[in-house]
Amino acid sequence: MSPDSIRDEVTTLEADTLAWDKQGGLLPAVVQDARTLQVLMLGYMDRAALAATLFDGRVTFFSRSKGRLWTKGESSGHVLELVGIETDCDRDTLLVRAIPHGPTCHLQRASCFPEAPSDFLGELDALVARRERERPVGSYTTSLFEGGVRRCAQKVGEEGVETALAAVAQDDAALVGEAADLVFHLMVTLRARGLSLEDVRSELKRRHSR
């Protein structure tokens, strides 16, 4: 199940059991990009903000400066699409996994923490998804999608052979380069079939848990 197409089921939080009284009815909510795992921002939720977030799937906070509920992106359009929420062991902090639609930071940065680590493969997969939707003229990735699944699959086959040959007959730099080409074209092929890197991760996790 891809977070680009459908939200995961949100963990049942049992709101009445959360530690609302510790901070005057507010819980810190750390927002994490569901695809790249980068920490995006910190906000605060009261009961109403949590309920609004769960109801419509757009992350909503209680703004202490405005003194009201505030849905991220209500002015800019850069909303946070909810994927999941969980609480920590003390039930006094929330971890919100979301898909950002545009920069999260008001300084037009992806994250309010510009040096926060992220998963580059997740970023690349998100870029491939945008290329598939927008099909910008002149993009190599667009040309692959326009060629259809067969063209994408052909490139995976070619890059797979070149990677195998590099493994037995070339130096490390050549192997790494060919492997990078293979991974990229595999991402494109998955996306051409309506799948994503997240689907591969999920399958690997399923196998690991056996």
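**Exercise 1.** Over residues 41-113, what percentage of the chain is helix and what percentage is strand?

*Solution.* Begin with the source: this is a predicted model in which local features need pLDDT of at least 70, side-chain atom pairs count only at pLDDT 80 or more, and totals for chains, interfaces and linings use all residues. Residues are numbered from 1 along each chain as its sequence is written, and side-chain values use heavy atoms, with hydrogens and water left out. Next, take helices (H or I, at least four residues) and strands (E, at least two) as DSSP runs, numbered from the N terminus. Over residues 41-113 the chain is then 14% helix and 38% strand, and the end C-alpha atoms lie 7 Å apart.

**Exercise 2.** Decide whether Leu42 counts as buried, partly exposed or exposed.

*Solution.* First locate Leu42, which is found in strand 2 (residues 39-45). Then recall that buried means under 20% relative accessible area, exposed over 50%, and partly exposed in between (1.4 Å probe, protein chains only). Because its relative accessibility is 43%, Leu42 counts as partly exposed.

**Exercise 3.** Find which residues have the most contacts inside the largest nonpolar core, and which elements supply it.

*Solution.* A nonpolar core is a set of buried Ala, Val, Leu, Ile, Met, Phe, Trp, Tyr and Cys residues joined through side-chain atoms within 4.5 Å. The largest one has 19 residues, and Val31, Met45, Leu50, Leu94 and Val96 have the most contacts inside it. At least two residues of this core come from each of strand 1 (27-33), strand 2, helix 1 (47-56), strand 5 (80-87) and strand 6 (94-100). Finally, a second, separate core of 9 residues includes Leu124, Phe145, Phe184 and Val188.
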